[in-house]
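This report is for a reader who is new to the structure shown below.

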Amino acid sequence: MTTWEIIAEKSRNLPVDQQQEVLDFVEFLRARHERKHPLRDPAGLWKGFDVSPEDIAEARREMWGNFPRSDI
């Protein structure tokens, strides 16, 4: 007897509300293992952008320019 046949046989004798719980659990397991959106290659995220070390340094100065703040 296959696993599928065992599951069908055992759940056939359950009350309808518990059969629904079995179905909900199967859906939960299936959703947990499916990927909604495939992962993208991180190397392609910057394709078409030319970011220099100077650009990075300027962005850091802008973000951290007033750190630490004395008014907190």
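At 35% relative accessibility, glutamate 9 counts as partly exposed. The model described here is a predicted one. Glutamate 9 is joined by a salt bridge to arginine 12, and the closest N and O atoms of the pair are 2.8 Å apart.

Both glutamate 9 and arginine 12 belong to helix H1, which covers residues 3–12. The two are 3 residues apart, about one turn of the helix. Arginine 12 has a relative accessibility of 53%. The cut-off for exposed is over 50%, so arginine 12 counts as exposed.

How many salt bridges does the model have? The count comes to 2.

Glutamate 27 and arginine 30 lie in helix H2, residues 16–33. Because they are 3 residues apart in this helix, about one helical turn separates them. Glutamate 27 has a relative accessible area of 38% and is partly exposed.

## Helix H3

Helix H3 runs over residues 53–64. It has 12 residues, and at 1.5 Å a residue they should span 16 Å.

Is H3 largely buried or largely in the open? The number of buried residues among its 12 is 0, so H3 lies largely in the open. A residue is called buried when its relative accessible area is under 20%.

## Surface patches

Which residues form the nonpolar patch on the surface? They are Leu45, Trp46, Phe49, Val51 and Ile56, and together they have about 550 Å² of accessible area. Leucine 45, one of these residues, sits in the loop between H2 and H3. Its relative accessibility is 49%, so leucine 45 counts as partly exposed.

There is also a negative surface patch, made up of Asp50, Glu54, Asp55, Glu58 and Glu62. Among them, aspartate 55 is located in helix H3. With a relative accessible area of 37%, aspartate 55 is partly exposed.

## Separations along the chain

Aspartate 55 can also be placed relative to leucine 23. The two are 32 residues apart along the chain, and 54 Å separates their C-alpha atoms.

Where is arginine 69 found? It is in the segment after H3. Arginine 69 is partly exposed, at a relative accessible area of 47%. Its C-alpha atom and that of alanine 31 are separated by 45 Å, and these residues are 38 residues apart along the chain.

Key:
Residues are numbered from 1 along each chain as its sequence is written. This is a predicted model: local features need pLDDT of at least 70, side-chain atom pairs count only at pLDDT 80 or more; totals for chains, interfaces and linings use all residues. Side-chain values use heavy atoms; hydrogens and water are left out. A salt bridge is a side-chain nitrogen of Lys or Arg within 4 Å of a carboxyl oxygen of Asp or Glu. Helices (H or I, at least four residues) and strands (E, at least two) are DSSP runs, numbered from the N terminus. Buried means under 20% relative accessible area, exposed over 50%, partly exposed in between (1.4 Å probe, protein chains only). Patches are made of residues with over 30% relative accessible area and no salt bridge: like charges are joined within 9 Å, nonpolar side chains (Val, Leu, Ile, Met, Phe, Trp, Tyr) within 5 Å. Accessible areas come from the Shrake-Rupley method with a 1.4 Å probe; for residues, only the protein chains shown count as cover. The expected span of a helix is 1.5 Å times one less than its number of residues. Lys and Arg count as positive and Asp and Glu as negative; His and the chain ends are not counted. The place of a charge is taken as NZ of Lys, CZ of Arg, CG of Asp or CD of Glu.
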